[in-house]
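Biologist: Could you take me through this model step by step, beginning with the chain as a whole and then moving to single residues?

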Amino acid sequence: MSIRCIILVGVLMCLGAKPVTGQALDIFLADTVGGNGLGRNTGIIVPAFFYQEETSFGGGVGGGYYFTRHRVNKVSNIQGMAIYTAKHQYKVSVLPKIYVRDHEVYYSGHLRWSHYPDKFFGVGRNTHDTLEENFTSRGFSMLIQRQRVLFDVLMVGVQVAADYSGRAL
């Protein structure tokens with residue numbers, strides 16, 4: 001995890017961009033994309049390559065598409081990422097945040113899939129390698145939120161969530 005983050009920040013720094021993530025990225029793009037009121041659309045794609053003892057070599061891509069309508073500061077976006085490792089592990093996620101109806105209604109959520117073959121050796125430092133057990137962790141998660149914007153600062157709404165996680169030996 002830490003190596004992947006270091007490489008991602010390194011790639012952003014090599015491109016001359018500020019290393020920003022999560023909510024900071026939303027604020028940065030709101031200033032850049034919609035802050036001038038022009039309603040421009042933009043996207044960003046960032047490749048990532050990494051190595052970890054547990055996963056071996058891996059790579060992926062993350063990115064987002066940011067858009068505004070009607071000369072307003074509220075930026076809608078669809079972000080996502082996909083990674084794959086040499087040990088056939090993968091994770092995929094899509095995270096939309098979209099304003100509709102003249103920015104009075106806001107939809108957000110996520111879709112996430114994962115398939116993660118791994119090994120379990122037991123508990124403690126003195127566990128023998130002969131106790132190795134292979135297993136595969138699988139997961140799917142979905143979240144849908146609908147919110148109404150009140151007074152330009154308050155959001156009230158409902159959400160629906162589903163989550164599946166399973167393991168196979």
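**The chain and its sheet**

Modeller: The protein chain exposes about 11,400 Å², of which carbon and sulfur atoms supply 61%; accessible areas come from the Shrake-Rupley method with a 1.4 Å probe, and for residues only the protein chains shown count as cover. This is a predicted model, in which local features need pLDDT of at least 70 and side-chain atom pairs count only at pLDDT 80 or more, whereas totals for chains, interfaces and linings use all residues. Residues are numbered from 1 along each chain as its sequence is written, and side-chain values use heavy atoms, with hydrogens and water left out.

Biologist: What percentage of the residues in the protein chain is buried?

Modeller: A residue is called buried under 20% relative accessible area, exposed over 50%, and partly exposed in between, with a 1.4 Å probe and protein chains only. By that rule, the buried share of the 169 residues in the protein chain is 27%.

Biologist: In which order do the elements of the protein chain run from the N terminus on?

Modeller: Helices (H or I, at least four residues) and strands (E, at least two) are DSSP runs, numbered from the N terminus. The protein chain has two helices and seven strands. From the N terminus on, the order is α-α-β-β-β-β-β-β-β.

Biologist: Which strands are the edge strands of the sheet?

Modeller: Two strands count as paired if DSSP finds at least two bridges between them. Seven strands form an open sheet in the order β1-β2-β3-β4-β5-β6-β7, with antiparallel pairing. Each edge strand pairs on one side only, and the two are β1 (42-52) and β7 (154-168).

Biologist: How many residues lie between β1 and β2 in their hairpin?

Modeller: β1 and β2 run antiparallel and are joined by eleven bridges, and within this pairing Thr42 stands opposite Tyr66 in β2. Between the two strands of the hairpin, the number of residues is three.

Biologist: Which residue in β3 is the bridge partner of Val61?

Modeller: Strand β2 (residues 56-67) and strand β3 (residues 76-85) run antiparallel, with ten bridges joining them. Tyr65 has Ile78 as its bridge partner in β3. For Val61, the bridge partner in β3 is Ala82.

**Single residues**

Biologist: Which side chain makes a polar contact with the side chain of Tyr66?

Modeller: Tyr66 lies in strand β2 and is buried, with a relative accessible area of 2%. Its C-alpha atom is 4.3 Å from that of Asn77, although Tyr66 and Asn77 are eleven residues apart in sequence. A polar contact is a pair of N or O atoms within 3.5 Å; within protein, one must be able to donate a hydrogen and the other to accept it, and residues adjacent in sequence count only if both atoms are side-chain atoms. At 3.1 Å, the side chain that makes such a contact with Tyr66 is that of Gln79.

Biologist: Is Ser108 buried or exposed, and at what distance does a polar contact join its side chain to that of Gln145?

Modeller: Ser108 belongs to strand β5 and is buried, because its relative accessible area is 10%. Contact means heavy atoms within 4.5 Å, and, not counting residues up to four places away in sequence, Ser108 touches Pro96, Lys97, Leu143, Ile144, Gln145 and Gln147. The polar contact between the side chains of Ser108 and Gln145 has a distance of 2.6 Å.

Biologist: With which side chains does the side chain of Lys119 make a polar contact at 3.0 Å?

Modeller: Lys119, also in strand β5, counts as partly exposed at 40% relative accessibility. The polar contacts at 3.0 Å are with the side chains of Glu132 and Asn134.

**Aromatic pairs**

Biologist: Why is the pair of Trp113 and Phe140 tilted?

Modeller: Rings of Phe, Tyr and Trp (its six-membered ring) pair if their centres lie within 6.5 Å, and planes under 30 degrees apart count as stacked, over 60 as edge-to-face and the rest as tilted; the count by this rule comes to four aromatic pairs. One of them joins Tyr51 and Phe57, at 4.8 Å centre to centre and 50 degrees between the planes. For Trp113 and Phe140, the centres are 5.9 Å apart and the planes stand at 50 degrees, so the pair is tilted.
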